[in-house]
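Visitor: Please show me the structure, and let us then discuss it by question and answer.

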Amino acid sequence: MKTREALRMPEGSEARVRGWVYRKRDLGGKIFVVVRDSEGIIQVVVDRSTAPREAVQAAEEATIESAVEAWGRVAPDPRAPGGAELRAEGFVLHSRAEDFPIKGGEGVDYLLDVRHLWIRSRRLTAVWRIRHTVLKAMREYLESNGWWEVSPPILTQSAVEGGATLFEVNFFGKKAYLSQSAQFYLEALIYSLERVWSLTTSFRAERSRTRRHLYEYWHLETEEAWARMRDSMRVAAELTAAAVRGVLEERLEELSLLKRDTERLEAAARPDYPSITYDEAIELLKRRGVSIEWGDDLGADEERVLTEYFDTPFFVTHFPKHIKSFYMKIDPGRPEVVLGFDLLAPEGYGEIIGGSEREDRYEVLLARIREEGLDPRDYEWYLDLRRYGSVPHSGFGLGVDRLVMWVAGLDHIRDSIPFPRFRDRIYP
RNA sequence: GCCGGGGUAGCUCAGCGGUAGAGCGCCGGGCUGUUAACCCGGUGGUCGGGGGUUCGAAUCCCCUCCCCGGCGCCA
């Protein structure tokens, strides 16, 4: 049985647990072995005066991270972590671990070298569990709201956005690239399924040196036929709130282990997130003494100032067209701005979603491609979508790792994912 | 790509021109209740790599590699 279950059994119940040695203290009369499994930890007490000789010997030989199994009776004890412990009647050493290289106090660089071992830590295990629940809650939301899950390609011929750097792949002599967004493929799929979403890895070869960028990240994207920007924003908010709610309902222990302030998350569990326009954001920033002019992009510093105004995630909409991508639809009432939106997480976490209504008019889209200095031939099939039954449509991309980072209260995105690809790190 | 900080024992760091150090870990011993246990003893080094200055370099200079924090870009 799992350690969690054993801890909750009535006094005197027989229990059998297996897992890995988390802590061990040999005091002479008794050996205290704290056993860790996927659900938590339990203290196993091997008493030299009562336990069988083989059990004592096995406990003596067990080192940190050895795989062990123990059985005996459960006894409440305030001195034990979790309030109860297992008094061992048997103890087996399945596999004795060599001297485990992580003792505590190591630096980040070293810990990343032994990431394959570090991911066992209680803290990271809590993050994986939270991540699981975030993904589950979002999938459940989409499933119950009529969205089709689709599987777009990762190997692609060209960029979605002109500027971002791509990882090049040799595709049997032709140049191919790792996808940085499934958006164009989702746009193609709305003509058959209308409301589609996908969860894929996306790749960006920007040499970013920040705590919120990965070269390989998990991208949840949606695209919906007939939807206007506001419709897509509502989905973005409901999806985010569903993830937060799921974690608050199922992962309170993990949040507590991570010392995450859950009060700040409660406010984000309802999807009524506030929304300001880019114009209003500039006004707010100017009032705060930030030197910024209309037309400037909102950088990390600006985002941080804005997040101080809100306790929940919030939207910024209607950006100047020249700081956003060519496929975003020009606002019919204001040709200098686009119908695009960002969702920024509070507490300084910043952008977790970027979306827009897409330009659905062939001529306008073609003109925008040329205006950005891009080659229309690279977008031939994408332009085709505007020639055969074009409809208004909107969608967004959500950074799963960033969402997990914010929900779990992590200070670096690398800990939102088991094997992060960032900086120049590819091992392990 | 730009700005700043740093590579010394397995790990975290001190030393910054004159014999290579500490704490933790690890190994051995002790302890009947530990919570990052504690006490005693032991173990531990191409001072990131290359070149130079010097009687002498971890220390000063040059080149190079790697890591960390921040910016830009974005999710």
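Guide: Helices (H or I, at least four residues) and strands (E, at least two) are DSSP runs, numbered from the N terminus. The model shown is predicted.

Visitor: Which element gives the most to the surface near RNA strand B?
Guide: Elements that each supply at least two residues of this surface include β1 (14-26), β5 (84-95), α3 (108-113) and β17 (350-357). With four residues, the one that gives the most is β17.

Visitor: How many residues of the surface near RNA strand B are charged?
Guide: There are 51 residues around RNA strand B, and Arg25, Arg79, Arg211, Ile352 and Arg402 come nearest. By class, the surface has eleven nonpolar residues and 14 polar ones, while the number of charged residues is 26.

Visitor: How far is a base nitrogen of RNA strand B from an N or O atom in the side chain of glutamate 85?
Guide: A polar contact requires N or O atoms within 3.5 Å. Arginine 212 has a polar side-chain atom 2.9 Å from a base nitrogen of RNA strand B. For glutamate 85, the distance to a base nitrogen is 2.7 Å.

Visitor: Is α7 parallel or oblique to α14?
Guide: Helix α7 (residues 229-250) packs with helix α14 (residues 400-408) at about 45°, their axes being 11 Å apart. Angles from 65 to 115 degrees count as roughly perpendicular and those under 35 as roughly parallel. The angle between the two helices therefore makes α7 to α14 oblique.

Key: Residues are numbered from 1 along each chain as its sequence is written. Chains are lettered from A and ligands numbered from 1 in the order in which they are written. This is a predicted model: local features need pLDDT of at least 70, side-chain atom pairs count only at pLDDT 80 or more; totals for chains, interfaces and linings use all residues. Side-chain values use heavy atoms; hydrogens and water are left out. A residue is near a molecule or strand if one of its heavy atoms lies within 4 Å of it. A polar contact is a pair of N or O atoms within 3.5 Å; within protein, one must be able to donate a hydrogen and the other to accept it, and residues adjacent in sequence count only if both atoms are side-chain atoms. Ala, Val, Leu, Ile, Met, Phe, Trp, Tyr, Cys and Pro count as nonpolar, Asp, Glu, Lys and Arg as charged, and the others, Gly among them, as polar. Axes are lines fitted to C-alpha atoms, for helices over the stretch in contact, and angles run from 0 to 180 degrees between N-to-C directions. Angles under 35 degrees count as roughly parallel, over 145 as roughly antiparallel, 65 to 115 as roughly perpendicular and the rest as oblique.
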